[in-house]
Amino acid sequence: MVSKTAGRLYYALKEKDMDDFLYVLKLQLMDRLTPAEVDEQIALYEDYINEEIAGGKTLEQVMRKLGDPEKVAGMIVDHYKELEEQKKEQQLRKWEIFQEKTADEINAQIQNPEHGFHAEFKENEGWDVRLGKLKLNTWYGTLIILAIILVIFIVFSELRP
């Protein structure tokens with residue numbers, strides 16, 4: 001397995017320098033995160049190391065503080081798993097909230113003027129979208145919208161020399 005090999009490689013290194021740490025970290029993350037996430041994390045740690053060195057610490061101090069790249073990779077993967085779980089929970093909560101509402105509750109949240117654009121959700125029919133009295137989500141409403149777009153296109157094409 002790559003992770004055990006990479007961990008042994010880390011301990012076998014005589015000199016713990018930044019390139020070695022980042023290489024081992026990348027090996028640890030490659031099969032566990034997407035390529036974009038791996039690149040993001042490698043860039044983040046490279047920037048961190050450079051900032052610490054620029055702040056007056058030695059490379060050895062920074063490497064000692066970071067520790068084993070295998071453990072660091074484990075923490076990174078755990079963090080991404082937590083983020084994914086939180087995202088799933090939020091999506092589930094949004095879906096549950098939507099499922100619990102009736103058509104009247106949904107319509108109460110939509111501000112519809114008496115004239116102009118109007119949208120209403122009907123329990124068994126779905127959305128009723130209107131512009132004035134013209135029902136836009138029907139075949140003739142769509143045809144009228146397409147005709148208007150075509151007229152605008154023709155007018156603009158005639159205006160161009």
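These legends describe close-up views of a predicted model. Local features need pLDDT of at least 70, side-chain atom pairs count only at pLDDT 80 or more, and totals for chains, interfaces and linings use all residues. Residues are numbered from 1 along each chain as its sequence is written, and side-chain values use heavy atoms, with hydrogens and water left out.

**View A. Lys-57 pairs with Glu-52 in a salt bridge.** The N to O distance is 3.0 Å. A salt bridge here is a side-chain nitrogen of Lys or Arg within 4 Å of a carboxyl oxygen of Asp or Glu. By this rule, the model has 2 salt bridges. Lys-57 is partly exposed because its relative accessibility is 33% (buried is under 20% relative accessible area, exposed over 50%, partly exposed in between; 1.4 Å probe, protein chains only).

**View B. Arg-64 forms a salt bridge with Glu-60.** The closest N and O atoms are 3.0 Å apart. Both residues, Arg-64 and Glu-60, are exposed. They sit 4 residues apart in helix H4 (residues 59–66), so about one helical turn separates Arg-64 and Glu-60. Helices are DSSP runs (H or I, at least four residues), numbered from the N terminus.

**View C. Helix H3 (residues 35–54) crosses H4.** Their axes come within 9 Å and cross at roughly 135 degrees. H3 is therefore oblique to H4 (under 35 degrees is roughly parallel, over 145 roughly antiparallel, 65 to 115 roughly perpendicular, the rest oblique). Axes are lines fitted to C-alpha atoms over the stretch in contact, with angles from 0 to 180 degrees between N-to-C directions.

Terms used. Helix = DSSP H or I, 4+ residues; strand = E, 2+ residues; numbered from the N terminus.
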